[in-house]
Structure formats: C-alpha cells, structure tokens
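Keep the viewer open beside the text as you read.

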Amino acid sequence: MFAGRQTGTGAAIAPPDPWDPVVRLSHWLIAAAVIINGLISEPGGTLHIWIGWIAMAVLVIRLVWGGIGPREARFTAFLPDPRAAVSHLFSLLRGKPKEYPSHNPAGAIMVYALWACLAAVIATGLIMTDAKTPITIAKERAAVEQGDWSVLAGGDEGDESPEDSGEIVKEIHETAANLMLILALVHVAGVAAESYALRRNLVRPMIKGPPR
C-alpha cells in the first residue's frame, strides 16, 4: 500500500498521499450519508432508511479495515490521546503543526467522535424501525396504503411504555445526528486550518487515486 512520505515540517513522515481506497471511499460515503440524512432526506422516509443501512455497512467495513488494513489505516496508528490532541492544537495555533504518518492526534479524536455518533444514530435508527430492512418497510407501507393494516399489528406487545421509550430513542437519534453535523463542520474547519498552516492541501490525498 501507499507509504507515508517525507515532509519538511514537524515529524519526519507525513500521511500517505493518497490514502488507500477503502479509507477514501468510506470517508466520502459516510460524509455523503451525513449530509443527505442530516440535511436533505425526510426523516423516516425510504431514502433516509436506505442511507442509514448503507452507512451502517460502510462503518462496519471501515472498522474491520481498522484492524486488517494498511498501517496508516489501522486503529493502532491513531489511538485516541487527549493530551497529544491538545498539544497538537496548540502547535496548530502557533502555525507549526507536526505531521503524523496517519491521522494527527486531534484528527484521531475527531474520527472516533464521529464514528461514535454515527454508531449511536444507526443503533437508535434500527430500534425505531425494529431493525426492519428498507425493503420490508417499503412493502409494509405499500400494504397500509392499500388498506391492509395487519402488517403493523403486534409490534408493541409486552412493552410497558412504548411511547416514552420511543421518545427517548428518538431524542438520542436526533441529538447524535445534530452533534455529528456540528463535528463535521469542526472537522472541515480543522482541515482548512491545518492545510493553511502546512501550506499543503490535505483534502487532495483523500480524493485522488493512486499515482500514475
């Protein structure tokens, strides 16, 4: 896979240029899912649920890749370290951020925070839909539109307070989704600030393919 390259600032090795295909593809697919489901699709709609399932599959693949992928993509290359993250942010404020062979410490904290929020959104989404696939939900809605309500019967039996628990799950889902959007904006601002400080476009390695 792609090795880190030498850099003229900070540490001896910079992140790979480009990142490997799984990291790049999962990054942009999750970004698209956050934007579409957070700002565009109708909550609870068919597209919203499809996007949620796609995001779940992408997150699982990325987490597996964090264990078996190339060195810079593995969790061991960017373990969360709050003290190092604070130190990195101070170095960024001074205009002299160090470079790392994977995500920098602040970026690593952001990655784990975004993944945690995404996992919370997915888990609560599954609870709210009884983990039904988008295909099953579409069939049930089509049946209801045709007057067959029997497909919705029996879902809440044995639950003492389904409305209260449902509201709590919904609140967690919406809060995690909103927090994820805020974190995404902070992430973009951080990338822009670091790109400026390093005089290097940090977005390009996450976009472009292998060198020709």
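The report below goes from the overall fold to salt bridges and surface patches.

**Overall fold**

This is a predicted model. Its chain has 212 residues, of which 33% are buried. The secondary structure amounts to seven helices and two strands, and along the sequence these follow the order β-β-α-α-α-α-α-α-α.

UniProt, in an unreviewed entry, places the feature "transmembrane region" at residues 21-41, 47-65, 106-128 and 179-198. Two of these stretches can be looked at in the model. Residues 21-41 are 95% helix and 0% strand, with 27 Å between the end C-alpha atoms. Residues 106-128 are 100% helix and 0% strand, and there the end C-alpha atoms are 33 Å apart.

**Salt bridges**

How many salt bridges does the structure hold? There are two, and the table sets them side by side.

| Pair | N to O distance |
|---|---|
| Arg200 and Glu99 | 2.1 Å |
| Lys132 and Glu140 | 3.0 Å |

Take Arg200 and Glu99, whose closest N and O atoms are 2.1 Å apart. Arg200 sits in the loop between α6 and α7 and Glu99 in the loop between α3 and α4, so this pair ties together parts that are 101 residues apart in sequence. Both residues are buried.

In the bridge between Lys132 and Glu140, Lys132 has a relative accessibility of 24% and so counts as partly exposed. Glu140, at 15%, counts as buried, because the cut-off for that class is under 20%.

**The loop at Arg94**

Arg94 is found in the loop between α3 (82-93) and α4 (105-128). Is Arg94 buried or exposed? With 60% relative accessibility, Arg94 counts as exposed, because the cut-off is over 50%.

**Surface patches**

Which residues gather in a patch of negative charge on the surface? They are Glu163, Asp164, Glu167, Glu171 and Glu174. One of them, Glu167, belongs to helix α6 (residues 162-198). Glu167 is partly exposed, with 44% relative accessible area.

A nonpolar patch is also present on the surface, formed by Trp28, Val203 and Ile207. Together these residues have about 270 Å² of accessible area. Ile207 is placed in helix α7 (residues 204-207), and at 53% relative accessibility Ile207 counts as exposed.

Methods: Residues are numbered from 1 along each chain as its sequence is written. This is a predicted model: local features need pLDDT of at least 70, side-chain atom pairs count only at pLDDT 80 or more; totals for chains, interfaces and linings use all residues. Side-chain values use heavy atoms; hydrogens and water are left out. Helices (H or I, at least four residues) and strands (E, at least two) are DSSP runs, numbered from the N terminus. Buried means under 20% relative accessible area, exposed over 50%, partly exposed in between (1.4 Å probe, protein chains only). UniProt positions are given in the numbering used here, feature names are shortened, and annotations may be inferred rather than shown by experiment. Patches are made of residues with over 30% relative accessible area and no salt bridge: like charges are joined within 9 Å, nonpolar side chains (Val, Leu, Ile, Met, Phe, Trp, Tyr) within 5 Å. Accessible areas come from the Shrake-Rupley method with a 1.4 Å probe; for residues, only the protein chains shown count as cover. A salt bridge is a side-chain nitrogen of Lys or Arg within 4 Å of a carboxyl oxygen of Asp or Glu. Lys and Arg count as positive and Asp and Glu as negative; His and the chain ends are not counted. The place of a charge is taken as NZ of Lys, CZ of Arg, CG of Asp or CD of Glu.
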